[in-house]
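Hi everyone, thanks for coming. Let me put the structure up, and then I'll walk you through a few spots on it.

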Amino acid sequence: LPRTHRTASAGHRRVLATAAAADGQPQGASGSGKKVKPKKEPSVYGHTVLLPKTDFEMRANSVAKEPMIQQYWADNKVYETIAERDAEMFTLHDGPPYANGDLHIGHALNKILKDFINRYEMLKGKKVRFVPGWDCHGLPIELKVLQSMEADKRLELTPIKLRKKARAFALKAVEAQREQFKRYGIWADWEDPYLTLLPEYEGAQMEVFGQMFLNGHIYRGKKPVHWSPSSMTALAEAELEYPPGHVSQSVYVAFPLDPEAPLPAAFPAEHASAVQNASLAIWTTTPWTMPANAAVAVNDKLRYSFAKVTGVAANKAGVEAEGGAPPTSAAAAANDPASMVGRTLIIGEDLVGAVGALWGLELHTLCTVTGAELEGLIYTHPMYGPERKSPVVVGGDYITTESGTGLVHTAPGHGQEDYITGLKFGLPLLSPVDDAGDFTAEAGPGLAGKNVLGDGNVACIEGLRACGALILQEAYPHKYPYDWRTKEPTIFRATEQWFASVEGFRDEALAELEKIKFIPASGSKRMTPMVAGRND
C-alpha cells in the first residue's frame, strides 16, 4: 500500500481492511498484519431471555437508606410486635456501659453482637425483649465532669455538688448514646432502659446490700489496695496498666540485729558468735515503704549465710536519685561500700557471690543456717533507732533467691503478700501515707508532707544513708502499675474500706456456677477459680 495508507488512522485502516478482503485478502487481516474483530451476530435466543426490571439500586447508599429502613421498623413497630408475641421468652441481660461520653468501636462490638443473638432467637420464633442499661455511677463519670472544669472551680465543689453535676452529665450522655445505638440499628426497649441512678434501682440495691449486711458479709477493715494518688481513689486490677520504661531507685539495706535480744531457741548455739555486729541485708524497689517496715521475712526452706565483709573489691558510683535529682557527694560515698567493712551481713547462701560482686565487697562466710533457724531474731529499724524493734518471720514461697538477697523487707500496709504475712504473725499495719500520696506525721518529722513518689522517696534513701544502713542504691527498670486514667504511677497502701466477705457464700456461689452453661466453656474456667480463691 502507499505510505499514506500505512499511516492512516484506525478508521481508515478498517476501511482498507474491508477493501482488501473484497480484493481477495483473508477477512480479519490487513496489510499491516493486524486482525480485525468481526462484528458479533445477534443471538437467535436473545429475545427468549426475560431479565427482571427493578428499582433496587446497585449501590448500597447506606447513609440515606439505613435511616429509611430504621424508620420503617419504627413506623411498623417491628420490634414491639416480636417482643409481645405469644411464644417462648428469650432474655439477654445487658451489661451496661458507662454513661461518660460518645460511643466507640468497643460499644459497637458489644451491642451489635448482642443484636445478632437477639435476632437469631427472633427468627426461631421466640418472644424477645432486650432491655438496655447504663451505669451512671462511679469514677469515670466524675473524672469527665472534673476534666470539663477549671482548676479553681474544682476546689469549690462539695461532694453533693459533684454528684449533682455527675448526674446531669450522665443523663446527657445516656441520651446521646441511646441515639447512637439506635443508629447502629440495634433493636431494644430504648424508651424504657434501666439506669443505675433511678430511685427504684438504687432502692433494690440497698435492699440486697442490707440483706448482705444482716447476713454478716459486710465489714469495714483496713487492707492494702492499689491506690492512685493522682485521682485519690482505690483501683481494681483491671484499672491498672504497666507501660514500658519505668525505672525505680532500688536499695540494699542493712537492718542491724538487736545485740540485747536473746537468741531464739532454734538458733544453733555454736553460731552465736556470728550474730555479733550482724545485720539482715534486704532489697526493695520502694524505699518510701521503709517507715512502714514491721518485719523481715525469710523462707524456712532456704539456707542463709552470715557473711563478713573483709574488704572492698570495687567502688560503685552514685546513681541518680528518684525524681531526677543528681547524686550528691554523700550519695557517691554511700555507694562506696567501704562503710560496710567489718560488719556481718546475713544473705541467702546462693546469692553471696552475686551480691558481693554487685556491691563491690569481699565476703567471707562465717556460717550457714536455715531460714527456720533465723525465725525469732530481733532487729532494730535503722531510721528510728532502738525504740523500733521487729522480728524475723517465716514468709511464704514468694521468697526466693532469684533476685534480691533472699530476705524480704515486710511492710503489711504496703503489699498483699506482706499483709498476709502480717496477719499470720500479728504484725502492726503501718501505712503513714495520705490520700494524696504524702507522708503523714506518723512517718516522722523529716518525712511528713513529702510525696512518696517524689521527694519522700529521696528523703527515705537519704535517711538510710545518714544512719549508715544503705549498702547500695541503683536504678532498676521494671514493670510498675500506673493509673489507666491519669497515666500516673500508683502505690500500694492500706486504707479503711468496706469489704464484702465471700467466706459466707462461696460454696453456694460455686454450686450455682456448676449449673450454668458457659459459652465458650473457657468462661467457667476463669470464673470458678476466681470465686474459689477470693476472700472478699
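I'll go through the pockets, then a surface patch, then some backbone details.

Quick housekeeping: this is a predicted model, where local features need pLDDT of at least 70, side-chain atom pairs count only at pLDDT 80 or more, and totals for chains, interfaces and linings use all residues. Residues are numbered from 1 along each chain as its sequence is written, and side-chain values use heavy atoms, with hydrogens and water left out.

So, pockets. A pocket here is an open set of points on a 1 Å grid over the protein atoms alone, where a 1.4 Å probe fits and protein lies on both sides within 12 Å along at least five of seven lines; lining residues have an atom within 4 Å of a point. Volume is the space filled by probe spheres set on those points, which are joined across faces, edges and corners.

The largest pocket comes to about 1500 Å³. It has 39 lining residues, and H226, A234, L235, A236 and E239 are the closest to its centre. Which element gives the largest share of that lining? That's α6, with seven residues. Helices (H or I, at least four residues) and strands (E, at least two) are DSSP runs, numbered from the N terminus. By class, this lining has 18 nonpolar, twelve polar and nine charged residues. Nonpolar means Ala, Val, Leu, Ile, Met, Phe, Trp, Tyr, Cys and Pro; charged means Asp, Glu, Lys and Arg; the others, Gly among them, are polar.

The second largest pocket holds about 1000 Å³. Of its 32 lining residues, T284, T285, T286, E417 and D418 sit closest to the centre. Here α13 gives the most, three residues, and the classes are 13 nonpolar, 16 polar and three charged.

M206, F209, F213, L214 and W498 make a nonpolar surface patch of about 620 Å², and helix α9 brings four of the residues. M206, in that helix, is exposed at 56% relative accessible area (exposed is over 50%, buried under 20%, partly exposed in between, with a 1.4 Å probe and protein chains only).

Last, the backbone. Most residues other than glycine have a negative phi, and most peptide bonds are trans. M232, in the loop between β5 and β6, has a positive phi near 50 degrees and is partly exposed at 49%. N277 has a phi near 60 degrees, and a cis peptide bond joins I519 and P520.

Note on methods
Patches are made of residues with over 30% relative accessible area and no salt bridge: like charges are joined within 9 Å, nonpolar side chains (Val, Leu, Ile, Met, Phe, Trp, Tyr) within 5 Å. Accessible areas come from the Shrake-Rupley method with a 1.4 Å probe; for residues, only the protein chains shown count as cover. A salt bridge is a side-chain nitrogen of Lys or Arg within 4 Å of a carboxyl oxygen of Asp or Glu.
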